[in-house]
Amino acid sequence: MLNLVLFGAPGSGKGTQSAKLIDKYGLHHISTGEVLRDHIKRETELGKIAKSYIDNGQLIPDDLMISILDEVLEKEAKGKKGVIFDGFPRTIPQAEALKELLGKRGTDLHAVVGLEVPEEELVERMLNRGRETGRADDNIDTIKKRLDVYHNQTSPLRDYYTATGKYMPVNGTGNVDDIFSAISEGIDALD
Ligand code: AMP
């Protein structure tokens with residue numbers, strides 16, 4: 001199996017690059033943000049809880065998020081060549097849980113691809129996406145909160161995964177295909 005985390009700030013291009021990775025490597029894509037947005041759309045109980053956090057730019061509590069991921073893995077990951085985790089983990093406890101969830105399924109995490117993009121560009125991209133797709137949390141107030149949350153709670157994962165030798169930084173600015181080539185080179189060099 002090839003299990004990858006696509007890591008980066010909101011607006012760093014995780015969704016765009018995931019779509020290309022799925023095509024090239026035949027991996028299964030799990031975006032926790034998409035899972036939650038789907039619950040909101042279907043107006044489930046979980047969707048109601050998730051909406052209150054997402055609208056505020058806050059993270060869903062770890063215990064809840066980890067149990068959701070466990071369920072999604074159980075339903076979707078069996079027999080797959082590997083999984084791209086997009087938007088998970090976002091905290092150190094989530095990273096520890098991911099190791100355990102993969103371990104109990106007899107597999108491991110192979111690499112963490114970190115898309116590195118300067119802050120001004122992140123804001124610009126999210127505002128554009130908000131205009132183009134109507135995504136509710138892509139408005140300037142929520143974007144600012146999401147970036148704060150990223151700096152405080154998620155960015156420490158960069159050091160966490162660097163220490164395990166799994167972090168693979170990629171320049172996430174410029175042409176989408178060039179960024180994808182850089183990611184592919186890194187993946188193809190994994191042993
Ligand atoms: P995303 O589509 O990955 O940008 O996620 C959108 C929103 O969903 C985030 O701002 C969080 O409120 C919530 N979310 C997604 N993934 C997670 C996660 N791993 N942990 C906690 N909250 C999450």
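The shell around the ligand is made up of six nonpolar, five polar and four charged residues. This description rests on a predicted model. In total, 15 residues surround the ligand, and the closest of them are T32, R37, Q58, G87 and Q94. Among the elements of the fold, helix α2, which spans residues 32–41, gives the most to this shell, with four residues.

The position of the ligand comes next. The ligand sits in the largest pocket. The side chain of R37, one of the closest residues, places an N or O atom 2.9 Å from an oxygen atom of the ligand. R90 also takes part through its side chain, where an N or O atom is 2.9 Å from a nitrogen atom of the ligand. At I60 the backbone is involved: a polar backbone atom of I60 is 3.1 Å from a nitrogen atom of the ligand. On its own the ligand has 480 Å² of accessible area, and the protein covers 96% of it.

Aromatic rings are a separate topic. A search of the whole structure finds three aromatic pairs. One of them joins F7 and Y167. The arrangement of this pair is edge-to-face, with 6.2 Å from centre to centre and 80° between the planes. F7 belongs to strand β1 (residues 4–8) and Y167 to strand β5 (residues 167–171), so the pair ties together parts that are 160 residues apart in sequence.

Conventions
Residues are numbered from 1 along each chain as its sequence is written. This is a predicted model: local features need pLDDT of at least 70, side-chain atom pairs count only at pLDDT 80 or more; totals for chains, interfaces and linings use all residues. Side-chain values use heavy atoms; hydrogens and water are left out. A residue is near a molecule or strand if one of its heavy atoms lies within 4 Å of it. A polar contact is a pair of N or O atoms within 3.5 Å; within protein, one must be able to donate a hydrogen and the other to accept it, and residues adjacent in sequence count only if both atoms are side-chain atoms. Accessible areas come from the Shrake-Rupley method with a 1.4 Å probe; for residues, only the protein chains shown count as cover. On a 1 Å grid over the protein atoms alone, a cavity is a set of points where a 1.4 Å probe fits but cannot get out, and a pocket is an open set with protein on both sides within 12 Å along at least five of seven lines; lining residues have an atom within 4 Å of a point. A molecule sits in a cavity or pocket if more than half of its atoms lie within 2 Å of its grid points. Helices (H or I, at least four residues) and strands (E, at least two) are DSSP runs, numbered from the N terminus. Ala, Val, Leu, Ile, Met, Phe, Trp, Tyr, Cys and Pro count as nonpolar, Asp, Glu, Lys and Arg as charged, and the others, Gly among them, as polar. Rings of Phe, Tyr and Trp (its six-membered ring) pair if their centres lie within 6.5 Å; planes under 30 degrees apart count as stacked, over 60 as edge-to-face and the rest as tilted.
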